[in-house]
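Subject: Handover of a structure and its findings

Dear colleague,

Please find below the structure that I am handing over to you. My findings follow directly after it.

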Amino acid sequence: MATHLETHAVIDRIQAEVIGVPVDIGNIASMSAYLMTLANQKKASGGYVCIANVHMLTIAHANRAFKSILKEALLVTPDGMPLVWTQKIRGFEDAQRVSGPDLMLELCKQASQNGHSIFLIGADDPTLDLLSNNLLRQFPGLKIAGVHAPEKLPEQGPLDEALVDKINRSGASFLFVGLGCPKQEYWCATHAPKLRPIALGVGAAFDFHAGTKKRPPAFIQQWGLEWLYRLLSEPGRLWKRYLVSNSAFVYYSLLDLLHINKP
């Protein structure tokens with residue numbers, strides 16, 4: 001049985017496989033403390049964080065190169081109750097969901113209190129303006145070192161040396177990347193080795209915190225039905241993703257469950 005996980009910075013990572021992909025065990029407090037420790041010690045240059053949900057893990061399960069990106073991350077957080085339920089089945093009773101929007105807010109709060117600054121990349125200029133204003137309203141001491149709304153990028157774009165230089169010169173400690181999965185993970189893996197701040201792919205967090213999209217109520221998130229809420233909100237864009245990824249996740253999870261319970 002897994003031992004109780006403290007809320008201070010995690011030095012030795014604890015992971016549990018979810019459909020064959022290692023995902024970190026923790027909570028908002030422990031994971032944000034770990035990242036703040038790295039930022040304070042300036043030990044995470046070239047590091048990035050993957051906020052993993054069902055969609056991301058099914059991609060990683062089928063794509064060896066993408067799975068390697070997750071394995072090289074500083075953290076792979078369980079964003080989605082199905083991942084947490086799997087970790088609990090594997091004996092980690094204290095496993096908790098650590099979502100991109102929640103982790104982003106927690107790091108912004110701690111950055112505002114500890115002299116760190118952030119950089120935002122993704123979305124478009126109007127969304128970044130709304131996002132920046134809302135974050136500054138919520139955390140008056142927060143320093144936003146820079147923002148960048150990229151032109152439309154391919155899923156696996158080349159290294160942008162000029163942008164890397166701009167981000168590094170800003171002095172930011174945390175770089176929030178809102179390009180959507182898997183584009184943001186490919187972007188982080190390509191650029192992080194040249195970057196000084198810790199990069200986090202936070203996906204829809206930009207839209208939620210900018211107020212351009214509504215986040216599901218807490219009880220829907222706790223029941224693991226956030227995907228359904230988002231599907232009903234954007235059926236034309238998301239139906240295929242959820243049909244394929246959710247079905248694949250259930251199938252792979254059943255195979256894992258049979259393996260776990262095999263005498």
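A search of the whole structure, which is a predicted model, finds 1 aromatic pair. The ring centres of Phe66 and Tyr186 are 5.3 Å apart and their planes stand at 55°, so the pair is classed as tilted; the label edge-to-face would require an angle over 60 degrees. This pair links distant parts of the chain, since Phe66 belongs to helix H3 (residues 64–71) and Tyr186 to helix H8 (residues 183–191), 120 residues apart. Phe66 counts as buried because its relative accessibility is 0%. Tyr186 is buried as well, with a relative accessible area of 9%.

The next topic is charge pairing. Side chains of opposite charge can pair when their charged atoms come close. The closest N and O atoms of Asp24 and Arg13 are 2.8 Å apart. This pair, too, links distant parts of the chain: Asp24 is in strand S2, whereas Arg13 is in the segment before strand S1 (15–18), and 11 residues separate them.

Strand S2, in which Asp24 is placed, covers residues 21–24. Besides the salt bridge with Arg13, the side chain of Asp24 makes a polar contact with the side chain of Gln15 at 3.4 Å. A polar atom of the Asp24 side chain also lies 2.7 Å from the backbone nitrogen of Val76. Leaving aside residues up to four places away in sequence, Asp24 touches Arg13, Ile14, Gln15, Met31, Leu75, Val76, Pro78 and Gln87.

A further salt bridge joins Arg169 and Asp165, again with 2.8 Å between the closest N and O atoms. Both residues lie in helix H7 (residues 161–170), 4 residues apart, which is about one turn of the helix. Arg169 counts as exposed because its relative accessibility is 63%. Asp165, at 40%, counts as partly exposed; the threshold for exposed is over 50%. In another salt bridge, the side chains of Asp207 and Lys213 meet at 3.7 Å, N to O. The relative accessibility of Lys213 is 30%, so this residue counts as partly exposed.

On the surface, Ile89, Val250, Leu254 and Leu257 form a nonpolar patch, with about 350 Å² of accessible area together. Helix H12 (residues 235–260) gives the most to this patch, with 3 residues. Ile89 is placed in helix H4 (residues 81–89).

Finally, some totals for the protein as a whole. The protein has 12 helices and 8 strands. Of its 263 residues, 52% are buried. Among the contacts with a separation of 6 or more, 74% are between residues 24 or more positions apart. The accessible surface comes to about 12,900 Å², and carbon and sulfur atoms account for 54% of this area.

With kind regards

Key:
Residues numbered from 1 in each chain as written. Predicted model: local features only at pLDDT ≥ 70, side-chain atom pairs only at ≥ 80, totals over all residues. Heavy atoms only, no water. Helix = DSSP H or I, 4+ residues; strand = E, 2+ residues; numbered from the N terminus. Polar contact = N/O pair within 3.5 Å; in protein donor to acceptor, adjacent residues only side chain to side chain. Contact = heavy atoms within 4.5 Å. Buried < 20%, exposed > 50% of the residue type's maximum accessible area, 1.4 Å probe, protein only. Areas by Shrake-Rupley, 256 points an atom, 1.4 Å probe, with all protein chains shown as cover. Patch = residues over 30% accessible without salt bridge, like charges linked within 9 Å, V, L, I, M, F, W, Y side chains within 5 Å. Salt bridge = Lys/Arg side-chain N within 4 Å of Asp/Glu carboxyl O. Phe/Tyr/Trp six-rings, centres within 6.5 Å; stacked < 30°, edge-to-face > 60°.
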